Amino acid sequence: MSQEDRVIVVGAGPVGAVAALALVKKGIPVTLVEAEPEPPEDQRAATIHPPTVEMLAELGLTVEAFAEDASGGLISPIFHYRDRVSGELVAVFDLNLLKGEVPYPFVVQWEQYKLVRAAKPHIEASGIADVRFSTRVTGLTQTTDHVDVTITNPGGDSETIRGRYVIGTDGGRSTVRVRAEIEFEGFTWAERFIKIGTDFDFASTGKGFCTRNYFSDPDEWLNLFKVNGEGPPGIWRGIMPVAPDESDEQAVSMEGIQRRLQGIFPKSGDYEIPYHALYSVHQRVAKTFNKGRVLLAGDSAHVNNPIGGMGMNGGLHDAMNLAGKLADIWFGRAEPDALDRYTRQRRNAQVDYVQAQSIQNKKALEEKDPVMRRKHLDELKRVSENVTRHKQFLYRSSLFDSLKSANAVA
């Protein structure tokens, strides 16, 4: 197999790692390129929805995902909606209701860097993968039959590698997308988000918190999730908005961080803070996910606010869909225009489901009109108390509906 006869995957985050693993499992050689020196231990996405768990099982990653030590994830079938103003537990949703209907009726709270670390040995063991860390992409050109990617290697020397296709999974500021001159349509929210991690165990407060909690609040909505971190007692992550008139310095000051956590549960003494991050939030979708031999997946193709845990899952769905279509083209079972269908399917999933649902989730949590807030909370309660509507809610919020609808697009 010549060095040119491969797919180049740029970005070894969760989407790039899954794309590379899915491709090598189908017998397609891969070069995986990542600018960082090792899988970054970032504290971003962690929620793996049920249909995505099924995909990871297909790739042989369940042993790692279900590991009982800190390297594995937390099995989480239940999530709560709460009114932060009154303290009311509004609705409890339980994926156990889907037992017998879906293979994995639960979410796995598994940090994305652990997913990458789990996938990497499988990719390397395939014997048809070249994995390059500390390697930065600086250029890209394509012809009708190949793509040339210019990279800077760890020693600083420049090299051009060639493949049949390149997949950009290199994040919201994607070099691949920019070099391919693909528009990134959408907008940026006026407020920023802050994510704060603490090893304080909110389950010990007597408030009845589960591992995934959504709090409605007209002033400061909250998502509160638990992950394993590096071991007991685990890490609780709070995600909250930062008002436009609050400076970055105020938001990330220890006073600002402690204020936010004390607002969740007042306690004596300060909270321990393993990490925190302040970031802008975008709702954007690439105009196309394929342009010639350049392909996009994950954050390179679409970004959204994190409420509902849909971004990484949508990206992993991209990766699996794309790997299947590339395999069909590679082995002569389909024509290259199958990649146009990839764009139609996965862009439809983003625009009609992930973008729409994540925007709706945010607006519902931050609703300021008291009448509308009460109406929304009461409706959530009614949905949770009716088995049929409860299941319908689970199928939509867990991305089953998105996946089914996308796969039906011709």
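Helices (H or I, at least four residues) and strands (E, at least two) are DSSP runs, and they are numbered from the N terminus. The model is a predicted one.

In the loop that lies between β16 (222–227) and β17 (235–242) we find P233, and a cis peptide bond, with omega about 5°, joins P232 and P233. Most residues other than glycine have a negative phi, and most peptide bonds are trans.

An open sheet is formed by three strands in the order β13-β19-β22, with antiparallel pairing; its edge strands, β13 (184–188) and β22 (302–303), each pair on one side only. Strand β19 (residues 282–286) is joined to β13 by five bridges, and F184 stands opposite A286 in β19. Helix α9 (residues 338–366) packs on this sheet, where it touches β13, β19 and β22, and its direction makes about 175° with that of β19.

Helix α9 also packs with helix α12 (residues 400–407), at an angle of about 145° and with the axes 8 Å apart, and the crossing is right-handed. Among the residues that meet are R341, Q345 and Y353 in α9, and D401, L403 and N407 in α12. Sorted by class, this contact of α9 with α12 has four nonpolar, five polar and three charged residues.

Definitions and conventions
Residues are numbered from 1 along each chain as its sequence is written. This is a predicted model: local features need pLDDT of at least 70, side-chain atom pairs count only at pLDDT 80 or more; totals for chains, interfaces and linings use all residues. Side-chain values use heavy atoms; hydrogens and water are left out. Two strands pair if DSSP finds at least two bridges between them. Contact means heavy atoms within 4.5 Å. Axes are lines fitted to C-alpha atoms, for helices over the stretch in contact, and angles run from 0 to 180 degrees between N-to-C directions. A crossing is left-handed if the near helix is turned anticlockwise from the far one by less than a right angle, and right-handed if clockwise. Ala, Val, Leu, Ile, Met, Phe, Trp, Tyr, Cys and Pro count as nonpolar, Asp, Glu, Lys and Arg as charged, and the others, Gly among them, as polar.
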